[in-house]
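Reader: Could you walk me through this model before I set anything up with it? I'd like to start with the overall picture and then go into the details.

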Amino acid sequence: MKVIFAGTPEFAATALKDLHEAGFTIPLVLTQPDRPAGRGMQLHASAVKQYAQQHDIEVLQPLSLRMDSKDPQRAAEARAAHERLLATDYDVMVVAAYGLILPRSTLGIKPCINIHGSLLPRWRGAAPIHRAIEAGDDETGVTIMQMEEGLDTGPMLAIERVAIEAGDSTATLHDKLAALGGRMIVATLRKMQEAPLVAVPQSEAGVTYASKIAKDEAALDFSQGALELGLKIRAFNPFPGACGQVDGVAIKIWAADVLEADSAQPAGQVLAADAQHGIVVACGTGALRLTQLQKPGGKRLPAVEFIKGFALDGKRFS
């Protein structure tokens, strides 16, 4: 089976690696254009492009696949990409976190199958892992589905569940789902080689949408409950990183424990900042014990190390 692969971040690169190592022929990879990143804002290739180049797989990086784009450059690149797809001998396109919309013209060439990091129809959209943790879901998983023009609305070919553990952040859950997605797409394509698969329509009940994460969501409002804030901290690790202000300094909060005990102190007040108790902060209800923090220009540090270089006694988060 010949597979064109479309994807961009590490989640997708894991699936590409598994397909390649499973012996599927991959004549072409689509991924997003190189983006500036890091302190120097140098152009960086996506994780998918890096893997493809390491294994001599042709890479195509159009700005868009929509040939009707009003932007002349995007329309021209889309037409070139469409012609390249038509000229390529392949059986199926596998898509994972590509980041570009596949128009009808692309979907109509050959079957397109998507690896999606949620239990559809829950958390359709761009950030299903983040939103599942933020919402306090007990479980999530991976759905393999046939693609259609709607946003993650296609019928399902396979689905597997994963428990969201109390210590899971988006970083840890991402890795679990990426590994699962890679195994599942290999198994799905192998089954397709043997016989047509039965696609199950998604339920019309329980549909939720995982909107893209915005950087301004990182700011924590300590008037909210400790449980809600704890979920946000886990959901926003590693991006965009939950943040609180102390004396005008933005402090990243990477991990925290939820404490049920309420305090008469105002929300955001630091209740303790020592080696015995750690860093405890009052919330609207309950409190948070902050366990990993980072000041601007510094490293992520355990709380006991952080307070050695940043005094929090008597301070208040805002």
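Author: What follows goes from the chain as a whole to its pockets, its ring contacts and its cysteines.

Reader: Before anything else, what kind of model is this, and how many helices and strands does the chain have?

Author: This is a predicted model, and the secondary structure of its protein chain comes to eight helices and 17 strands. The C-alpha atoms fill a box of roughly 65 × 45 × 35 Å, taken along the principal axes, and 47% of the 318 residues count as buried.

Reader: Let's turn to pockets: how much space lies in the largest pocket?

Author: About 1,900 Å³ of space lies there. The lining of this largest pocket is made up of 50 residues, and the closest to the centre are Pro9, Ala97, Tyr98, Gly99 and Ala126.

Reader: Which elements give two or more residues to that lining?

Author: On the helix side they are H1 (10-21), H2 (47-54), H5 (128-134) and H6 (170-194), while the strands are S3 (35-37), S6 (92-96) and S7 (112-116). By class, the lining of the largest pocket divides into 26 nonpolar, 17 polar and seven charged residues.

Reader: What about the second largest pocket, what is its volume and what lines it?

Author: The second largest pocket holds about 240 Å³ of space, and of the 16 residues that line it, Ala166, Gly167, Asp168, Arg234 and Ala256 are the closest to its centre. Helix H7 and strand S13 (249-259) are the elements that give two or more residues to this lining, which has eight nonpolar, five polar and three charged residues.

Reader: Changing topic, how many aromatic pairs are there, and how are Phe222 and Phe317 arranged?

Author: The structure holds two aromatic pairs. In the one formed by Phe222 and Phe317, the rings are tilted, with 5.4 Å from centre to centre and 40 degrees between the planes. This pair links distant parts of the chain, 95 residues apart, with Phe222 in the loop between strand S11 (209-210) and helix H7 (226-235), and Phe317 in the segment after helix H8 (303-309).

Reader: Are Phe222 and Phe317 buried or exposed?

Author: Phe222 and Phe317 are both buried.

Reader: Is Cys243 buried or exposed, and what about Cys112?

Author: Cys243 counts as buried because its relative accessibility is 16%, and Cys112, at 4% relative accessibility, counts as buried too.

Key: Residues numbered from 1 in each chain as written. Predicted model: local features only at pLDDT ≥ 70, side-chain atom pairs only at ≥ 80, totals over all residues. Heavy atoms only, no water. Phe/Tyr/Trp six-rings, centres within 6.5 Å; stacked < 30°, edge-to-face > 60°. Helix = DSSP H or I, 4+ residues; strand = E, 2+ residues; numbered from the N terminus. Buried < 20%, exposed > 50% of the residue type's maximum accessible area, 1.4 Å probe, protein only. 1 Å grid on protein atoms, 1.4 Å probe; cavity = no way out; pocket = protein on both sides within 12 Å on 5 of 7 lines; lining within 4 Å. Points joined across faces, edges and corners; volume = space filled by probe spheres on them. Nonpolar A, V, L, I, M, F, W, Y, C, P; charged D, E, K, R; others polar.
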